[in-house]
There are 2 protein chains.
Amino acid sequence: MSELFIGIDLGGTNIKIGCFDSQLTLLCKTSTPTEADTGPEPVIDKIAQTTEKLLADNNLSYESIEAVAMGSPGQFNFAEGIIISNPNMPLFKNLPLRKMLSDRFEKPAVLENDANAACWGEYTLGAGKGIKDMVFFTLGTGIGGGIITDGKLVHGFADSAAELGHVIIYPDGRLCSCGQKGCVEAYASANSTAKRAAEAIEAGASSSLKKVIEQNSQITSKDVYDHLAAGDDLAKQITDSTAKALAIICINVLHTTEPQRIVFAGGMIAAGDVLLERIKDYFNEYIWTLKKETVEIAFAKLGEDAGIIGAAALAKQLKD
Amino acid sequence: MSELFIGIDLGGTNIKIGCFDSQLTLLCKTSTPTEADTGPEPVIDKIAQTTEKLLADNNLSYESIEAVAMGSPGQFNFAEGIIISNPNMPLFKNLPLRKMLSDRFEKPAVLENDANAACWGEYTLGAGKGIKDMVFFTLGTGIGGGIITDGKLVHGFADSAAELGHVIIYPDGRLCSCGQKGCVEAYASANSTAKRAAEAIEAGASSSLKKVIEQNSQITSKDVYDHLAAGDDLAKQITDSTAKALAIICINVLHTTEPQRIVFAGGMIAAGDVLLERIKDYFNEYIWTLKKETVEIAFAKLGEDAGIIGAAALAKQLKD
């Protein structure tokens, strides 16, 4: 029987679970509601039971599991395998989550934060395959990040490295939910992109997006892209400033850890090539003239499976 | 006879050479003009001859040298030990500098860039002693940087990581010599601090520094600090904006590689506690409210010896 590795992506709403072979080929996957308010023990139990059922349904042996790994949002102490806190799952506080997972599966376990797990997935099998230095951004409700230098994830002194959404690009700029002003997240996340469009319309800007607000009483980042594709000027301006903010953060991470490739993931990349090309345009406009930079800026390739793939790859490392 | 390690700091004007024992105690040091226009071979020869004389003068045996290391400005390929270019030493171009050094000394050699060597010096024996994650800034004519994560220097994909002076903190801001706008170097280097003061006076600001321009036809960063100490308002404003720029870059590197300590070195730290305290004030004002940050912001401890100490520590690593 071949060795199996379980990759888990613990989200506030759903838990995704994937089963992989030793080549990191996805054999099967499933998803189940998190129901975090039932508490950590029941959630861990549910993860194990769901995995058991997934494997049984696919004629795979639970005994063949070699290791499990889980990506989760929150603050951690990775050396100890502890989740310190998670704003969206208040019961997951100061818990030995890695040990709980390992005890329940009776297998070695890895704990990682969700953005790092997705970063490691793209690095291992997606947009970062074959390189050693990468920076990763998830452009969703907020902006998360992951940094790999010389083939290793950077965790930082207190396991809070790569909070890249909170790099300040406009001091004294827009207020971010983190309390800082001018974070890249306050401009270029899906939420901020939509919010900036809504604010501009409220301030009197003319736009085909006005009808969207009238109908839905809100705008999403998808609305902005749809109207961009349809030629709306405001949607273009908003996308341009999102792209400029992302280009500035690309320049800044380039001058910091100097990745070979910068990879963007998350809901925002649904905007497609028009966004990617604008990021590259602004990058070329704002980067220094001292020497030509060879960094590649790309979109992620693994979609929503990045988290379980990355987790499985981390689980497999335990056995390498 | 105890083992000796040679640390070399190759500057555009002078070469500093230090001889260290295996505990990295500085036994003796010297300095000699670089005379880079004589060419790389003569410069390497001079380094070896100066080292030979230094050791003889101090009754140390040249044969006891175990390894040598040199920090130098420029662009490098460290894997190959090649200096690609150095704007201030045009003859040092596409040269196997590490091999040249190793061949001339008949010992193993290490090549590192100057800011990284100084960073490694402070990390090993100075302000970064005892920690594993550090970010280092040299505030001189320009701003250089070094990043250590989990006990290792970050070199980046093409050996150009930690060009921290060129992180953009004010997009579309002041023009930097690198061609970008709004780099931290364009605000907070010694040169930029002095230049901003001169510009303000030209624009009509009232300041006791006006007399300095009239007498010397220029202002230095030291003039700014001297007049700050004497209570000049403009000097205070200029120092404040330097401190704010440095606080923003501290926040940004904290959210990137999350160091335990951020260390400032270079001529600017002669400004003393008044500058350090203002950086900390701005850091506390601009940092997020999500959680309390424990990063320490400190000044370097080794002064001008950081480069030779760091180089010697790198040389010693070859034998560890």
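Reader: Let's start with the overall build. How many helices and strands does chain A have?

Author: Keep in mind that the model is predicted. Chain A contains 10 helices and 12 strands. Its radius of gyration is 20 Å, close to the 20 Å that the globule rule gives for 320 residues, so chain A is as compact as a globular protein of that length. Along the principal axes, its C-alpha trace spans about 60 × 50 × 35 Å.

Reader: What share of the residues in chain A is buried?

Author: Burial is counted from neighbours: a residue is buried if 20 or more other C-beta atoms lie within 10 Å of its own. In chain A, buried residues account for 52% of the 320. Of the contacts in chain A between residues at least 6 apart, 64% join residues at least 24 apart.

Reader: Now the sheet. In what order do the five strands of the open sheet in chain A lie?

Author: The order in chain A is S10-S9-S8-S11-S12, with mixed pairing. Strand S10 (152–153) and strand S12 (296–299) of chain A are the edges, as each pairs on one side only. Helix H3 (residues 114–125) of chain A packs on this sheet and touches S8, strand S9 (143–149), S10 and S11 of chain A. The direction of H3 makes about 50° with that of S9(A).

Reader: Which strands pair with S8(A), and are they parallel or antiparallel to it?

Author: Take one neighbour at a time. Strand S8 (residues 134–139) of chain A runs parallel to strand S11 (residues 261–265) of chain A, joined by five bridges. Across that pairing, Phe137(A) stands opposite Phe264(A) in S11(A). With S9(A), S8(A) pairs in the antiparallel sense over six bridges. One bridge there links Met134(A) to Ile148(A) in S9(A). S8(A) and S9(A) form a hairpin, with three residues between them.

Reader: Which way do the side chains of S8(A) point?

Author: In a regular strand, side chains alternate between the two faces of the sheet. Here Met134(A), Phe136(A) and Thr138(A) point one way, while Val135(A), Phe137(A) and Leu139(A) point the other way. Six of the six residues of S8(A) are buried.

Reader: Let's move to a helix in the other chain. What span does H5 of chain B have, and what span is expected?

Author: Helix H5 (residues 190–202) of chain B has 13 residues and reaches 19 Å from first C-alpha to last, close to the 18 Å expected at 1.5 Å a residue. Its buried residues include Asn191(B), Thr193(B) and Arg196(B). Among the elements covering the buried residues of H5(B) are strand S8 (134–139) and helix H8 (233–254) of chain B. Just after H5(B), Gly204(B) takes a positive phi of about 110°.

Reader: What rotation superposes chain A on chain B?

Author: Look at the angle and the shift together. A rotation of 180° with 0.0 Å of shift along its axis superposes chain A on chain B, with an RMSD of 0.0 Å. That is the relation of a two-fold axis. The same surface serves both copies, as 100% of the contact residues of chain A recur in chain B.

Reader: How many residues does each chain bring to the contact?

Author: Chain A brings 37 residues and chain B brings 37 residues. On the side of chain A that touches chain B, S9 and helix H8 (233–254) of chain A each supply at least two residues. H8(A) gives the most to that side, with four residues.

Terms used:
Residues are numbered from 1 along each chain as its sequence is written. Chains are lettered from A and ligands numbered from 1 in the order in which they are written. This is a predicted model: local features need pLDDT of at least 70, side-chain atom pairs count only at pLDDT 80 or more; totals for chains, interfaces and linings use all residues. The radius of gyration is taken over C-alpha atoms; the globule rule is 2.2 Å times the number of residues to the power 0.38. A residue is buried if 20 or more other C-beta atoms lie within 10 Å of its own, exposed if 12 or fewer, and partly exposed in between; C-beta atoms are placed from the backbone. Two residues are in contact if their C-beta atoms, placed from the backbone, lie within 7 Å. Copies are superposed by least squares on the C-alpha atoms of residues with pLDDT of at least 70 in both. Two strands pair if DSSP finds at least two bridges between them. Axes are lines fitted to C-alpha atoms, for helices over the stretch in contact, and angles run from 0 to 180 degrees between N-to-C directions. The expected span of a helix is 1.5 Å times one less than its number of residues.
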